[in-house]
Amino acid sequence: MVTQGDPEGIGPELLLRLGDAGALRTGDRVVADGERLAGLARALGTPWAARGHEAVAPLVDDVRGGQVAALVRGVDLVLAQPGAALVTAPIDKAACKAEGFAFPGHTEYLAHRAGVDEFAMLMIGPKLRVVPVTIHVPLRAVPELLTPAAIVRCGKLLAHTLLHHLGLPAPRIGVLGLNPHAGERGLLGDEEQRVIGPAIAELTAWAAAEALQCNFVGPLAADSAFVTHLEGGLDGLLAMYHDQGLGPFKLLHMRDGVNMTLGLPFTRTSPDHGTARDIAGRGVADPSSMLAAVALARGHVP
C-alpha cells in the first residue's frame, strides 16, 4: 500500500515517478486522488509522467479529502491484509492538524491504529542506522521525557531489527549522551549518569538474559559517534532527541535514506524528507528516497 501524502506537496509526483521506474506491481494499492493524479500528469506533460500515470492508474484506490483521508484508508487496507506493507509519502503536519488530525506525525498515528505502545522510528540508509528515543517534541521537553524505560524500549527494538530483519549476527549499538561531550562526567550535565548509564546497564543485562549477541556501548559523545558508525565501528545508534540523530543522518542520506517504523504488526516505510511544497508540481523532485522506501518495504514483506 502506498499513500499519496500531502497533495499540495511532491507526494503525487513521487507516485508518478514510482510508476515510471517500474517500482509498482500488480496487486499494489496506491491510495490517492485519482483525478488529481491524472491532472498532474497532464500538467507536467513529460513522457515520464505519462508513463508513470499509465502504470499507477490501474492501482489507484481513489480517495478524496486530502492527506489524512488517504492515510486513514491506507492503514485500513494494511491492517486488513496480513503480510502487507505500507509506504507513506510525506505529510504536512500543520495542514493535517487543520484537517482534525490529533497526532504529531505518522509514527504516533500508526502506533495508535495498531494498538502498540512499544514503537520507534528508525532512520536507515546504506551507511547509517539511527533511532531517536524522543521524537516530535519540543527540545525543552526532552530531559523530562528521557527516561531509562524509553531508552531501553528503543534499544530493544533496534537490536531486534538489526538481528532479525537485517541479519547482523552481533550488532554493536552506540547509545549517545544527551549533553555535549556526553556530559564530561557530570560537568556538563548529569543525565548520562542518572538516566542513560542505567539504561545501558539494563539493555546489557537483557541481551545476556536473552542470549543475544548484541553489545550496547556508551554514553557516547554525539559529535564523534557518527564518524565511528560511518567507519563501521558501530551498527546503529540511539539518539536522545530528534535533531541529534536526524541532522547527521540527513546530511549523509537525504536522497537515499528511509524512515521505518519499528514495533508495528506490519512493515511501514517512508522517504526521509518532507513535502517540499516549494517545488511541487514542477517535475524536479528527486524520487530516490521514495524508491528506497518501496524497496525496503518489499524486503520485509513475506
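P138 is partly exposed, with a relative accessibility of 43%, where partly exposed covers values between buried (under 20% relative accessible area) and exposed (over 50%), computed with a 1.4 Å probe on protein chains only. The residue belongs to the loop between strand 6 (129-132) and helix 7 (142-145). The structure is a predicted model in which local features need pLDDT of at least 70 and side-chain atom pairs count only at pLDDT 80 or more, whereas totals for chains, interfaces and linings use all residues. Residues are numbered from 1 along each chain as its sequence is written, and side-chain values use heavy atoms, with hydrogens and water left out.

**Overall architecture**

- The protein chain contains 12 helices and 11 strands; these are DSSP runs numbered from the N terminus, with helices (H or I) of at least four residues and strands (E) of at least two.
- The protein chain is as compact as a globular protein of its length, because its radius of gyration of 20 Å is close to the 19 Å that the globule rule gives for 302 residues. The radius is taken over C-alpha atoms, and the rule is 2.2 Å times the number of residues to the power 0.38.
- The C-alpha trace of the protein chain spans about 60 × 35 × 35 Å along its principal axes.
- Of the contacts in the protein chain with a separation of 6 or more, 74% are between residues 24 or more positions apart; a contact means heavy atoms within 4.5 Å.

**Surface and charge**

- Buried residues make up 53% of the 302 residues of the protein chain.
- The protein chain has an accessible surface of about 13,200 Å², and carbon and sulfur atoms contribute 53% of this area. The areas come from the Shrake-Rupley method with a 1.4 Å probe, and for residues only the protein chains shown count as cover.
- The protein chain carries 25 positive and 31 negative charges, whose mean positions lie 3 Å apart. Lys and Arg count as positive and Asp and Glu as negative, while His and the chain ends are not counted; each charge is placed at NZ of Lys, CZ of Arg, CG of Asp or CD of Glu.

**Cysteines**

- A disulfide is a covalent bond between the sulfur atoms of two cysteines.
- The search of the whole structure gives 0 disulfides, the criterion being a pair of cysteine sulfur atoms within 2.5 Å.
- C154 is in no disulfide, and its nearest cysteine sulfur, that of C214, is 14 Å away. C154 counts as buried, at 1% relative accessibility.
- C214 is likewise in no disulfide, with the sulfur of C154 as its nearest cysteine sulfur. C214 is also buried, at 11% relative accessibility.

**Buried helix residues and their contacts**

- L16 lies in helix 1 (residues 11-20) and is buried, at 0% relative accessibility. Leaving aside residues up to four places away in sequence, L16 touches L37, L40, A41, L44, W48, A49, G52 and H53.
- V78 belongs to helix 4 (residues 67-79) and has 3% relative accessibility, which means that V78 counts as buried. Residues up to four places away in sequence not being counted, V78 is in contact with M1, A84, A85, L86 and F266.
- H106 is part of helix 6 (residues 106-114) and is buried, at 8% relative accessibility. With residues up to four places away in sequence not counted, the contacts of H106 are L71, T88, A89, I91 and R268.

**Backbone features**

- The peptide bond from G218 to P219 is cis, with omega near 0 degrees. P219 is located in strand 8 (residues 215-220).
- H181 has a positive phi, near 55 degrees, in a residue other than glycine. The loop between strand 7 (172-176) and helix 9 (191-209) holds H181, and at 45% relative accessibility H181 counts as partly exposed.
- A211 also has a positive phi near 55 degrees, and this residue too is other than glycine. A211 is in the loop between helix 9 and strand 8 and is exposed, with a relative accessible area of 63%.

**Separations between C-alpha atoms**

- P138 and A49 are 89 residues apart along the chain, and 39 Å separates their C-alpha atoms.
- L16 and K127 are 111 residues apart along the chain, with a C-alpha separation of 28 Å.
- V78 and M121 are 43 residues apart along the chain, and their C-alpha atoms are 19 Å apart.
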